[in-house]
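Hi there,

Here is the structure I promised to pass on to you.

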Amino acid sequence: MMKPYFVRTIIYAVLRVLLRVLTRLLFRVRVRGRGEALAAGNGQHSRLLVIANHESFLDGILLGLFLPVEKPVFVVHPEYVKRPLLRFVLNVLADYLVIDPSNPMAMKHIIRLLESGRPVVIFPEGRITSTGALMKVYEGPAFVAAKTGATLLPVRLDGLSRSYFSKMAHWPRKLFPRITLTILPPTTLPMPEAHNAKVRHHKLGEALRRLMLEMALVGSYQCTLYGALCDAIRIHGRRRYIVEDIKQVEYTYHDLLKMSLTFGRLFERFTEPGEKVGLFLPNMASTLGLLIGLGAFGRVPAMLNHTAGVNGLQVACNAACIRTLITSRAFVEQAKLADKLAALQGLERIVYLEDLHEGMTFRDKLWLMGWALWFPRQVEAKASPEDAAVVLFTSGSEGKPKGVVLSHRAVLANVAQFRAAIGFTHDDRVLNVLPIFHSFGLTTGTLSPLLSGASVFLYPSPLHYRVIPELAYDRACTVLLGTNTFLGNYARFAHPYDFYRFRFVISGAEKLSAAVREQWFEKFGVRILEGYGATETAPVITINSPMAYRSGTVGQFLSGIEHRLQPVPGIERGGVLHVRGPNVMSGYLRADNPGVLQAPASSEGPGWYETGDIVEVDSDGFVHIVGRVKRFAKVAGEMVSLEAVEKLAQTASPNEFHAASSQPDAGKGEALVLFTTDGRLDRAALQKAAQQLGFSELSIPKKVVRVDELPLLGTGKMDYVTLQRMAEEA
């Protein structure tokens, strides 16, 4: 007669096999990277710590069934064992240890387990995500890994957040969503050097958080923009209202898909595969439909800046070899752009959206309603993530605009990087006033919420300083993007209750001033999250996030981005920033070599992009912008940052706007010129501010010029070309 222990062992083994078969059938479980787990070593004397993201109550069960690790011990939250069914299944699958991750003393039990040779599985977040993004990461698991010298095996779980076992109440749930387990290459966390234990623990926690952010990028940019839209529809549902524009019409995912397919099919007739098609349109749902639809049929949308001058538009059209331009009669008439269009040369056709309905035949409608809408993935032209998704153009703030070719991989990688740092939910409503022809407005303000299931309101102009705060209040928006100039003006005209629902206000494109930051906090109780980037990086490189924020910096590097600093002679702090990552552009299109792609490269090698900005990175990974290489003046043989001059002026006059430039000077080489909207600002006030900040006398501008307003580009950036011309004429 068999002993009860052996009977129970046999029953558990049978149940384990049945559970494995059942879950594989119901959830269509896929396991990627099994070899990585085997490479980590499962021997009796190895020390293996498996870490995973936490999406649902099924996480531990799925790992127990499909993780190729021998006899692991699962560290589970006390909330698990309160549920009898989950406790029973855990007993079937493996040994488990009930520990509260917030209790540092409990980590001693895990250390003893690892030192005994038992593999341990732990969730560093401690609790199940309620946003879909990374939650707070506890320092305990990182300390355990460093203390024991254990091998870390990261595992990424995808799909469980959409099940009924998750805490994502705002997401549409599915009974049996498809589940993927991705096992990443094993790594280690060395014990950092620090003067006390508290600092060591903090650094270890940050290192583990960065690793968890890297895990969030797995498999997130292996498709096209159109494919990503199809994935969003599958996850969030066709009936989800996702886009609204100035027409005050809300569009669902189904409506956006229908719009994209219609535009793609119609423009397929008179354009060629791979052709760059110019879009001369404002922030409208139809612009977004065109962007995605052209890409679905193998065309590349080129987003033209309608606020640019005729010369800038002509340079952009020449660089990208644009033959077909799409616009709207109503837009051209209301924005008074007819003269600009008439002046453009080299275009073969200008297509107006109002004329398109005439080209829609009965056969097209039958194709759309009977086939394409219900089998959208079958319609897409063959494409690779490395193919061009969009052409954007640099602002031309320091010279002629260049075409920046961004691949599907680059755009979707930056969306994933941004979402890992700033988690949008179904409850969020993003007010995007930044133009879609600008990378910040396109990737961060439009595509990120669209692909996350958050709704977005597209407003055509960021310059309506009185209207936008009222719109934010009326539409109950929770997220706003803007530049320092725009945010300062919104705060000036807004009622203190207009932004009562805001969760995030994100600033970029120009340096955020202390005055604007303090004004938003004092008047609205909102902390602005400043970021930094470039069109060439699709665009975000660094950002302050709710979990990693430091005032006066532009935040930490996004996951997946490598960086190097090259010293600059004459400048003591920092160096020129070079970056490489999945979000870096495919290359430039230049007017002097039309249609020829110039791949990114810098002195660091191929694939690297030189930002032209001088930055300093502190010990915690926060980035401080020192200035641009081109925004330094050589005064009496010393390099003086023009941004430092602007900071000086902002200290002396915090409620006005200032910009610095330089002009030739026979005695000192160059002389500083400050342009300001403050009529009372003089050199005496600047000297007082320089003493307060500890700045050199060389930082005090020789001339102070009063202006009614500073020259801005349509994107909100300072127009430094015009500013330099003004300085030379001053």
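Which residues are linked with E250 and R429 in a network of salt bridges? The network takes in E244, E250, R429, D474 and R475. By salt bridge I mean a side-chain nitrogen of Lys or Arg within 4 Å of a carboxyl oxygen of Asp or Glu.

Before going further, please keep in mind that this is a predicted model, in which local features need pLDDT of at least 70 and side-chain atom pairs count only at pLDDT 80 or more, while totals for chains, interfaces and linings use all residues. Residues are numbered from 1 along each chain as its sequence is written, and side-chain values use heavy atoms, with hydrogens and water left out.

**Salt bridges**

By that rule the count comes to 22 salt bridges. One of them joins E250 and R429, whose closest N and O atoms are 3.9 Å apart. E250 sits in strand β9 (residues 250-252) and R429 in strand β16 (residues 429-432), so this pair ties together parts that are 179 residues apart in sequence. Helices (H or I, at least four residues) and strands (E, at least two) are DSSP runs, numbered from the N terminus. E250 is partly exposed at 39% relative accessibility, whereas R429 is buried at 11%. Here buried means under 20% relative accessible area, exposed means over 50%, and partly exposed is in between (1.4 Å probe, protein chains only).

R323 and E275 also meet through their side chains, at 3.1 Å from N to O. R323 belongs to the loop between α12 (310-320) and β12 (324-327), and E275 to the loop between α10 (253-267) and β10, so the bridge ties together parts 48 residues apart in sequence. R323 is partly exposed at 31%, and E275 is buried at 6%.

A further salt bridge pairs E562 with R580, again with the closest N and O atoms 3.1 Å apart. E562 is in strand β23 (residues 562-568) and R580 in strand β24 (residues 571-580), so the parts tied together are 18 residues apart in sequence. E562 has 38% relative accessibility and R580 has 29%, and each counts as partly exposed.

**A buried lysine without a partner**

K276 is in strand β10 (residues 276-279). K276 is buried yet has no salt bridge, and the nearest side chain of opposite charge, E275, is 9.7 Å away. What is K276 in contact with, leaving aside its neighbours within four places in sequence? The list is V300, A320, C321, I322, R323, V391 and L589, where contact means heavy atoms within 4.5 Å.

**Helix α20 and its surroundings**

Helix α20 (residues 484-493) is mostly covered, with 8 of its 10 residues buried. These are N484, T485, F486, L487, G488, N489, Y490 and A491. They pack against α19 (467-474), β18 (479-482), β19 (504-507), α21 (514-524) and β20 (528-533).

**Backbone points to look at**

Most residues other than glycine have a negative phi, and most peptide bonds are trans. A476, in the loop between α19 and β18, has a positive phi of about 55° although it is not a glycine. A509, in the loop between β19 and α21, likewise has a positive phi, of about 75°. A476 is partly exposed at 23% relative accessible area, and A509 is partly exposed at 33%.

A cis peptide bond joins A538 and P539, with omega about -5°. P539 is in the loop between β20 and β21 (540-543). Both A538 and P539 are among the contacts of N414, as are T443, T537, V540, L558 and N583. N414 itself is in helix α17 (residues 408-421) and is buried, with a relative accessible area of 1%.

R28, R30, R32, K174 and R178 form a positive surface patch. Patch residues have over 30% relative accessible area and no salt bridge, with like charges joined within 9 Å. R178 is in the loop between β6 (151-158) and β7 (180-183), and is partly exposed at 41%.

Happy browsing, and do write back with any questions.

Best wishes

Note on methods. Patches are made of residues with over 30% relative accessible area and no salt bridge: like charges are joined within 9 Å, nonpolar side chains (Val, Leu, Ile, Met, Phe, Trp, Tyr) within 5 Å. Accessible areas come from the Shrake-Rupley method with a 1.4 Å probe; for residues, only the protein chains shown count as cover. Lys and Arg count as positive and Asp and Glu as negative; His and the chain ends are not counted. The place of a charge is taken as NZ of Lys, CZ of Arg, CG of Asp or CD of Glu.
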